[in-house]
Structures are given as C-alpha cells and as structure tokens.
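Open the structure in your viewer and keep the sequence panel beside it. The stops below say what to select next and what is there.

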Amino acid sequence: MTIGTLAITIAWVPFADPEQVVMLGTVAVIILGYTGFRFAVALGLLPAGLQGGRDEREVAVRRVRQQHRLESRSWLEFTVDGRDRWLPVYFDSALVTLTPRTAEIDGRAVSVDRRRVYPSGRVRDSEPVGRLVDNPERPDPEAIGRTGSGRRVLLDAQSAVVGPFAGLLWVYVAGGGSVAFVAATIVAAATATWLSAVRGSDPS
C-alpha cells in the first residue's frame, strides 16, 4: 500500500508547478516517515508500552475487534498487575479463530501459540472507543475465507471519501484549476487509504 501511494503521488510531479511539487514531496516524506515508524513499532525496534523488560512473561489474552465509524481494528485484551490493557495489532487471519489463551510478552514482542503478533500502536490502559466485538468461543474456520485482500482494500478505501474535499480545499487555498483539483483529490484519496492500512485495519 505504501509503494502504491508513493507511486500515485510521484506520478503527478511532471504536471505540477513548483508549489505543488513541494506539496507532493512533503506528502511523500510523511508517508515514508510514518511507515518507517510503524514498522519500527511492529518489529519491536521502538517500544509499544509492553511491560516485562527482557524477562518473558505469560498472560491470558483474548482478541476483540473494534468498530468505530469507518475504523475497524484488532486488539488483544489482557490483564497485567491487576489492570486491564488493550494492545492494537496488525491483522492476521489466525486472529479470526483465536479463542482466549496464553500469550508470551517479553517487552518488545508478543507471541500467541508461538506465532508472533505485530503491534500496530501502543498499549492502552483504557478501553478503545466504539463497539468491541469478542471472538466466538468456538472458532469458525469459514470466517478466514471472508478476510481476503479484496475485502481489506475495500475496507481501507472507505477513507477515500475525503479526497474531493481535500481537492476543493487545495484549489481554494492555492488555485490551479481542474488539473490541480484532480491531482489533489487522487493523492488525498490514496493517502487516506494508505493511512487506514498502515494503522492496522481489520477486514474481518
């Protein structure tokens, strides 16, 4: 998704004036920087707020799916030192059939059934906003078939509705006519779709 969004952004450079080139370059830098930050958190290079230091600890976890407006994400819910915690994680088809079980946390990484789960943000000590849906007690194997890449792209693309509004705002502020409007709309729509994906959308 990051590569596609960068390609769309760079493709408009030959048609842009100097001011628009600066804008496109700024968008590209933000996309690269934020993607790098998300990768660093997911891989444990930057802390996600997990406790445990270098000593691995086991905790009971369950997966919940958050639905808030156009946002849908997977979270692992667990209790540490008597306090409930919620960790956002990148979607994995194994999460769909995950029933409550024990996870290993070593301060930088989380593993469930020896399968690593990648954080998509920091641990929260307050319940995520919106509606939280628990996994069923009995896993549904057919549910995995409803989480393909097409469904994921369709879910992420809902955020693209901001594109025309961003295009109108750009033309109002900087001018440029219909070409600038089309370019700003497409770049904004692609960026919104990318942002939804890189934050860890859940297509289930």
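**Stop 1: Thr5**

Select Thr5 and show its surroundings: apart from neighbours within four places in sequence, Thr5 is in contact with Ile31, Ala190, Thr191 and Trp194, where contact means heavy atoms within 4.5 Å. Thr5 belongs to helix 1. Its relative accessible area is 2%, so Thr5 is buried; buried means under 20% relative accessible area, exposed over 50% and partly exposed in between, with a 1.4 Å probe and protein chains only.

Before going on, note that this is a predicted model, in which local features need pLDDT of at least 70 and side-chain atom pairs count only at pLDDT 80 or more, while totals for chains, interfaces and linings use all residues. Residues are numbered from 1 along each chain as its sequence is written, and side-chain values use heavy atoms, with hydrogens and water left out.

**Stop 2: the whole chain**

Zoom out and colour by secondary structure. The protein chain has six helices and seven strands. Helices (H or I, at least four residues) and strands (E, at least two) are DSSP runs, numbered from the N terminus. Read from the N terminus, the order of elements is α-α-β-β-β-α-β-β-β-β-α-α-α. The C-alpha trace spans about 60 × 35 × 25 Å along its principal axes. Of the 204 residues in the chain, 40% are buried. Among contacts between residues at least 6 apart in sequence, 72% join residues at least 24 apart.

**Stop 3: helix 1 against helix 6**

Select residues 2-11 and 177-198, which are helix 1 and helix 6. Two packed helices are described by the angle between their axes and the distance between the axes. Here the angle is about 170° and the axes are 9 Å apart. Helix 1 is therefore roughly antiparallel to helix 6. Axes are lines fitted to C-alpha atoms, for helices over the stretch in contact, and angles run from 0 to 180 degrees between N-to-C directions. Angles under 35 degrees count as roughly parallel, over 145 as roughly antiparallel, 65 to 115 as roughly perpendicular and the rest as oblique.

Which residues in helix 1 meet helix 6? They are Thr2, Thr5, Ile8 and Thr9, and on the helix 6 side are Ile186, Val187, Ala190, Thr191 and Trp194.

**Stop 4**

**Stop 5: Val171**

Next select Val171 in helix 5, residues 163-174. Val171 has 25% relative accessibility and so counts as partly exposed. Not counting residues up to four places away in sequence, Val171 touches Gly177, Ala180 and Phe181. Val171 and Tyr34 are 137 residues apart in sequence and 26 Å apart in space, C-alpha to C-alpha.

**Stop 6: the nonpolar cores**

Show Leu50, Leu76, Phe78, Leu87 and Val110, which touch the most other members of the largest nonpolar core, a set of 16 residues. A nonpolar core is a set of buried Ala, Val, Leu, Ile, Met, Phe, Trp, Tyr and Cys residues joined through side-chain atoms within 4.5 Å. At least two residues of this core come from each of strand 1 (57-68), strand 2 (71-80), strand 3 (83-89), strand 4 (101-105) and strand 5 (110-112). Strand 2 gives the most, with three residues. Apart from this core lies another, of 10 residues, among them Leu6, Ala28, Ile31 and Val187.

Now centre on Val110. Leaving aside neighbours within four places in sequence, its contacts are Leu50, Leu76, Leu87, Ala103, Glu104, Ile105, Arg115, Arg116 and Val117.

**Stop 7**

Finish at Asp113, in the loop between strand 5 and strand 6 (115-117). Most residues other than glycine have a negative phi. Phi of Asp113 is near 55°, a positive value. Arg114, found in the loop between strand 5 and strand 6, has a positive phi of about 65°. Is each residue buried or exposed? Asp113 is partly exposed, with a relative accessible area of 49%, whereas Arg114, at 83%, counts as exposed.
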